Amino acid sequence: MPIRPAPAPALSKAASGWLGIAALLLVVALVYWPGLRGGFVFDDYPNIIENTALHVGWESGWRDWLAAAFSSPASAMQRPLASLTFAINHAATGLDPYWMKATNLGIHLLNALLVFVLCRLLLRAIRPGMGTDARDARIALWIAAAWALNPINLMAVLFVVQRMESLCHTFVFAGLAMYLAGRLRLQAGHGGWALVLGGLLGGTALGVLAKESAALLPVYALAIEWALLWFGTDRGRPDRRLLALFACIVVLPAVVGLWWMVPQVLGNGVYATRDFDLGERLLTEGRVLVDYLRWTLLPNLGQLSLYHDDYVVSRGLLQPPSTLVALLMLAGLAAAAAWLRTRRPLMALGLAWFLCAHLLTATIWPLELVYEHRNYFASLGLCLVLADVLLRLAGDSDRFRRIGVLLAMVLLLLYAGTTALRALEWSNPLRFAMSEAAKHPQSPRATYDLARDYILLSGFDPASPYVDEAFAALERARQVPRATPLPESAAILLAARTGRGIDPDWWRGLERKLAAGPIGAEGHNALGTLAKCVPVNQCELPLAPVVAVFENALARQRHPETLSIYGNYALNGLRDPNLALRLWQEAAERAPHVVQYQETLARMLIASGRPDLAAAPIARLRNLGQLGQNEALARELERLAQERSPVAPEGQQPGPGP
């Protein structure tokens with residue numbers, strides 16, 4: 001009788017689960033891989049490329065690293081943890097976008113793993129005492145896949161500076177997983193307060209060092225209690241200690257924050273640089289959230305984009321009519337979440353998370369209206385809803401189980417395919433710019449970025465075919481609604497660098513746009529373009545129109561940045577150091593909290609033979625670095641001042657400068 005070979009041992013459920021997550025991470029990496037070859041875009045420039053404090057090396061001293069960590073211009077909190085990772089990237093590979101994007105991808109993969117762990121715990125909380133059910137593991141894996149492959153999250157990976165968003169959520173996901181693990185231990189009567197407090201307080205504290213979005217972690221945990229646990233313990237009664245904890249970390253900070261923020265938001269000038277007021281922002285954000293919902297659940301490649309600055313502002317409930325419809329839909333989602341809490345808790349939690357994730361970015365704060373990366377956490381809530389409908393609700397009936405699984409797989413293919421196509425768009429700077437301009441032909445930023453890429457490709461060579469393409473693209477960018485002054489200043493620069501004639505209408509358009517309202521970032525970039533066009537850069541402009549542009553801008557508003565840029569032009573273009581010094585002094589006085597202005601003033605005073613007067617801006621600069629991050633710069637300036645100080649005769653101190 002022949003002996004049959006023993007069957008190969010089957011993989012354990014735990015091993016198969018980890019093989020599944022490993023396969024998922026590999027697929028996500030392959031989908032994103034083409035996009036790593038792309039370049040820097042938009043906010044990458046002020047935050048990384050032009051932020052010279054980040055450009056440290058391994059040989060730099062600890063004060064240089066500290067200055068790099070606290071160098072972000074993106075927020076008053078400066079997001080030191082995220083900035084420190086950019087500095088590490090620079091020390092390792094310089095300003096190579098490939099490795100910065102690869103780091104972002106690594107963070108996203110880690111977050112996918114954390115989402116898987118978090119979802120396993122959520123499903124266990126819904127069915128306490130059921131153990132590690134294989135079906136729950138598959139559902140958690142699908143949620144992690146749907147979230148990690150969802151194209152609305154691409155910007156947190158390939159838009160380098162949005163590492164701030166993905167990195168802060170590393171601590172959000174880890175903190176929620178720790179919190180939920182501790183809560184399940186509390187429910188089982190095994191302790192768990194260390195995990196609860198570590199997840200809530202530690203996750204939030206570390207997360208906000210990367211970006212303020214992490215401040216919502218306690219709100220997400222409160223939503224878990226509301227939908228799944230209801231503050232229960234092993235005795236089945238609400239734990240007063242948990243109630244007190246959430247009162248301290250959610251209710252009290254919310255009250256204090258609103259008490260501090262509302263008067264500022266209602267005050268004059270907060271929305272001065274926006275083309276909408278507070279009421280219009282709140283109306284518009286209703287439509288924005290509905291679009292986020294649509295772009296997440298059923299993404300459309302033609303609508304997903306970096307730039308949405310052409311988004312139509314709601315001027316009233318019926319202007320456009322979709323405003324009222326969107327607000328009613330959001331009210332319906334909130335009501336549905338409340339109704340589903342005891343019936344489908346996972347679905348209720350998902351809806352609550354989606355709405356809560358936009359409490360900072362879609363309410364009273366005067367932010368820009370639309371950015372897809374704001375859905376990095378909100379999209380997870382919608383993935384929970386999909387999983388509950390397709391894999392849990394449908395799975396309760398054999399009749400619908402296969403249909404649910406089929407639809408779930410189709411969605412994964414849709415998400416992966418759309419993200420792969422978006423990654424291809426991001427893989428080449430010109431392809432990306434052409435795609436953005438085609439999707440948003442009325443976007444001031446998208447149309448200008450295409451022109452800017454043509455200018456860079458031309459290399460300012462008069463014989464380059466890209467020069468004509470650039471002028472044509474600049475003309476289109478000038479004509480779009482709400483166009484910024486950037487196309488005019490770029491056209492003037494390109495004409496000067498390539499020997500073309502400067503159209504007088506460009507000067508008139510530049511002055512008109514700068515006079516239209518408070519000068520924002522685009523206006524200052526336009527002025528900076530003119531200031532850099534000086535003979536040392538093989539670029540010379542007629543003095544009179546440049547001076548007129550600056551003087552008219554200052555007559556409209558004596559903004560510190562305008563004063564600083566004009567100071568650069570006065571020194572390098574007009575060769576008038578006295579005017580430059582007066583402008584830089586005023587800029588430093590108007591914005592004493594800006595390190596750059598104090599440094600520039602100190603250097604100018606030293607160079608002009610007044611090193612003793614540089615002591616005041618150096619002292620202000622040192623005081624601005626309360627952790628010592630400006631100490632190295634202050635010492636360098638003091639050394640320069642000492643070298644330029646006149647040597648006094650013995651027993652006599654040098655007198656005051658002129």
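Patches are made of residues with over 30% relative accessible area and no salt bridge, where like charges are joined within 9 Å and nonpolar side chains (Val, Leu, Ile, Met, Phe, Trp, Tyr) within 5 Å. A salt bridge, in turn, is a side-chain nitrogen of Lys or Arg within 4 Å of a carboxyl oxygen of Asp or Glu. Accessible areas come from the Shrake-Rupley method with a 1.4 Å probe, and for residues only the protein chains shown count as cover.

A word on the model: this is a predicted model, in which local features need pLDDT of at least 70, side-chain atom pairs count only at pLDDT 80 or more, and totals for chains, interfaces and linings use all residues. Residues are numbered from 1 along each chain as its sequence is written, and side-chain values use heavy atoms, with hydrogens and water left out.

**View A. A nonpolar surface patch of about 380 Å² is made by four leucines: Leu317, Leu318, Leu324 and Leu328.** Leu324 sits in helix α13 (residues 322-340); helices are DSSP runs of H or I with at least four residues, numbered from the N terminus. Leu324 counts as partly exposed because its relative accessibility is 33% (buried is under 20% relative accessible area, exposed over 50%, partly exposed in between, with a 1.4 Å probe and protein chains only).

**View B. The peptide bond from Gln319 to Pro320 is cis.** Its omega is near 0 degrees. Look for Pro320 in the loop between α12 (278-297) and α13.

**View C. Helix α4 spans residues 80-93.** Its 14 residues reach 20 Å from first C-alpha to last, close to the 20 Å expected at 1.5 Å a residue (the expected span is 1.5 Å times one less than the number of residues). Buried residues of α4 include Phe86, Asn89 and His90. Their cover includes α2 (44-49), α3 (62-69), α5 (97-126) and α8 (163-187), with contact meaning heavy atoms within 4.5 Å. In the loop between α3 and α4 you will find Arg79, a non-glycine residue with a positive phi near 50 degrees. Arg79 is buried, at 11% relative accessible area. Gly94, which follows α4, also has a positive phi, near 70 degrees.

**View D. Helix α15 (residues 378-393) has a kink of about 30 degrees centred on Ala387.** The bend at a residue is the angle between axes fitted to the seven residues ending there and the seven starting there. Because 14 of its 16 residues are buried, α15 is largely enclosed by the rest of the structure.

**View E. Trp230 has a positive phi of about 55 degrees, although it is not a glycine.** Trp230 lies in the loop between α10 (217-229) and α11 (240-266). With a relative accessible area of 46%, Trp230 is partly exposed.

Terms used
Helix = DSSP H or I, 4+ residues; strand = E, 2+ residues; numbered from the N terminus.
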